[in-house]
Amino acid sequence: MFELMPFGTIRNNPFHELDKLEKQLFGDFGSDFSQFRTDIIEKPDKYVLKADLPGFEKKDIKVDLKGDTLTITAQHDESKEDRHGNYLRRERRSGSYTRSFSVAGIQADGIDAEYKSGVLTVTLPKAPTITPPSHQIEIR
């Protein structure tokens, strides 16, 4: 009950109109901006993860496995400078994207990754299922 905000507080918030304008212009774009789109396809013997990372170079992408967590990180730094007479324009842009996935039940030494045409494809082979031997127990 103490976490509820009175209606008047929203109207008195000077940033309320800016937040409303941002949502009208961009929708929910801001909530997903820090992540990249992925598809995960299950096949009988493996999973295939496809991550959309357009505009990145292979050297800017890292795929790390720590325990049962696979983390994909993409870092983008770009700098541009134009000179025309007395006019100088310099622009810099950078961004970092990270997503982590649970890979329990995956054969870690068989993971393979390929980056081609803006799509990172990670092949995750399923670990073989070990069924314990069954035997009948004699009753005394």
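Trainee: How many bridges join strand β6 to strand β7, and how do the two strands run?

Mentor: Strands of a sheet pair through backbone hydrogen bonds, either parallel or antiparallel. Here β6 (residues 112-116) and β7 (residues 119-125) run antiparallel, joined by 5 bridges. Strands are DSSP runs of E with at least two residues, numbered from the N terminus, and two strands pair if DSSP finds at least two bridges between them. This is a predicted model, in which local features need pLDDT of at least 70 and side-chain atom pairs count only at pLDDT 80 or more, while totals for chains, interfaces and linings use all residues. Residues are numbered from 1 along each chain as its sequence is written, and side-chain values use heavy atoms, without hydrogens and water.

Trainee: Which residues in β7 are the bridge partners of D112 and E114?

Mentor: D112 has T123 as its partner, and E114 has T121.

Trainee: What is the order of the strands in the open sheet?

Mentor: The order is β1-β2-β7-β6, 4 strands with antiparallel pairing. β1 (38-42) and β6 are the edge strands, each pairing on one side only.

Trainee: Which residues have the most contacts inside the largest nonpolar core?

Mentor: A nonpolar core is a set of buried Ala, Val, Leu, Ile, Met, Phe, Trp, Tyr and Cys residues joined through side-chain atoms within 4.5 Å. Buried means under 20% relative accessible area, exposed over 50%, and partly exposed in between, with a 1.4 Å probe and protein chains only. The largest core here has 17 residues, and L53, I61, I72 and L120 have the most contacts inside it. β2 (46-52), β4 (69-84), β5 (87-102) and β7 each give two or more residues to this core. Contact means heavy atoms within 4.5 Å. Leaving aside neighbours within four places in sequence, L53 is in contact with residues including F36, Y115 and G118.

Trainee: Is T71 buried or exposed?

Mentor: T71 counts as buried because its relative accessibility is 18%. This residue lies in strand β4. Its side chain makes a polar contact (N or O atoms within 3.5 Å, one able to donate a hydrogen and the other to accept it; residues adjacent in sequence count only if both atoms are side-chain atoms) with the side chain of S100, at 3.0 Å.

Trainee: Where does pLDDT stay under 50?

Mentor: pLDDT is the predictor's confidence in each residue, from 0 to 100. The protein averages 79, and 70% of the residues score at least 70. Values stay under 50 over residues 1-10, and they are below 50 over residues 29-33.
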